[in-house]
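Trainee: I am new to this structure and would be grateful for a close look at a single part of it. Please take me through that part step by step.

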Amino acid sequence: THGFDFLRARQQLQLDFYQSIRLINYLRKQAQDKPAESEQTSSFVLEGKEAFLADDQYLRPVIEDDSLLFAFEDLEIEDDQHGEHGHQEETEILMPQGDAKKLHRSSWEGIEATTELEAKLLKQLQLAEERLFAVEVQLQNTEQQFTEYRARVKASFFDTLEDSTARSTVSHIEDDDEPSKVVVPQDEGNYYFNSYAHSDIHQQMLNDRVRTEGYRDFIYENKDVFKGKTVLDVGCGTGILSMFAARAGAAKVLSVDNSDIIEKARKNIVENGLQDVITLYRGKIEEIKLPCKVDIIISEWMGYFLLYEAMLDSVLVARDRFLAPGGILAPSQTRILFTATNDESFLTDSIDYWNDVYGFKMSTMKENVLREAVVDFVSPESIVTNTVTIKDLPHQTITVAGLDFVSDFELVMKHDDHVSAFVGYFDTWFTRDGQDVGLDVGIEKDELKKRRLNGFTTGPVYTRSEETHWKQTMFVLEKPIELKKGDKIKGTFYCDKNHMNPRALDLRIVYEVVRLAGGAEEKADLVFVLR
């Protein structure tokens, strides 16, 4: 346009990376500020000494998500494969069936930032590169999966679509069993699995010592349970649980994951010399074929409020497809607990904030804020009622259908105070034999040791070392409820998978306040979403 060849000018004047960014944004700015003059310009001459080439204000994009800012390095690559910066690296990706495909990605290592703004821009470009690379990997996977899907449909009708709300019907396909159908979450575009493809999320989980050491201690303290057994690790991630099981004496470990992280897990296992014990399988547990039944299924499937992300559905499918008679799951039981807090910090920070924003009221910004369940830490000192169980999940017997639930509750005030939010969290138990843990069994370390159990809580705790990455889930009230000691909040809790995104949760709390002193009827019906 206007007789100006950006790529040729960049090459001839030997513009560096940041000068090229400034040039693009300068031209965008001129076209934006002086559209008539720009239209009349028949040519644009650049000498390479222009002041704007050193002006950092032109490092800021004029057009949001300007594709040229992300693509000009690659455009030059097509013309000159040996450019100074932005050379391409080949990355080999192992596909679900074991074949390898090579994908190209740019390398930004040769670019040095000289200012803080340049460093920020370079970081944004690196992140954008990673996102684009992930999309390319996803497209390759989708192509492979579509080919496999066509072949399966041609061969049988085991996999059928149940409805259009992101759920599917999957049949068990063992030759020695009658096919039985299970409803499991469908992951459109592999978004869920791609979210676990990068190292940072796994580092966050591994750094959660309560979580990771909880699994490790159960496995290492019960080596007699694992010795000589066949173990299935559902959603193996980095392979840490598989390696725990192998070190504990398992004869064979089958590790399954549908995320790109499994390729790093493969290298982790080889690096630790455990490849003769651990075999990795890429795919969905609902569809994959394994060579044998297993004695133990291990999986770290828990999400916020326990059921967020719906991975337990897949673990239960694995149980029904692959667990041998007498086999166990680890963990063997989880329990969702419910209580109330006087903590008003979220209400102050996210709701009251809009009452006065530099002297202006912005009430409309409050809309729907309180419909979002809040994941955050709650201080144990802020808990003002008793704690009750609203869902008990014995993993050996519970069904996928049983994961949506309705539960009555009754909370009693410990002392005069107010309630500003309800709080949910979960406890986790590991048992040697898979037997149910009674509702009277606590999660305190002394009691666990006494009963030869392992476990941990994600509830409010007093020290940082006891905190978990799951935190607690808060259901914030628009207005705090002032109550006296002995007053009650009685109600019903509803939990269902979201119909549009079954990995999210639709939550509803219907309650009434029962005061010892009597008074007017106080009822409420609150709806929340956790996504």
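**Strand E6 and its surroundings**

Mentor: E6 and E9 pair in the parallel sense, with three bridges between them. Here strands (E, at least two residues) and helices (H or I, at least four residues) are DSSP runs, numbered from the N terminus, and two strands pair if DSSP finds at least two bridges between them. Please note that this is a predicted model, in which local features need pLDDT of at least 70 and side-chain atom pairs count only at pLDDT 80 or more, while totals for chains, interfaces and linings use all residues. Residues are numbered from 1 along each chain as its sequence is written, and side-chain values use heavy atoms, with hydrogens and water left out.

E6 itself spans residues 230–234, and five of its five residues are buried. Buried means under 20% relative accessible area, exposed over 50%, and partly exposed in between (1.4 Å probe, protein chains only). Thr230, Leu232 and Val234 point one way from the strand, whereas Val231 and Asp233 point the other way. Cysteine 236 is likewise counted as buried, at 5% relative accessibility.

Phenylalanine 305 has a positive phi of about 55 degrees, although it is not a glycine. Most residues other than glycine have a negative phi. Phenylalanine 305 counts as buried because its relative accessibility is 2%.

H12 has twelve residues and reaches 16 Å from its first C-alpha to its last, close to the 16 Å expected at 1.5 Å a residue; the expected span is 1.5 Å times one less than the number of residues. The helix is mostly covered, with eleven of its twelve residues buried. Among them are Met311, Asp313, Arg319 and Phe322.
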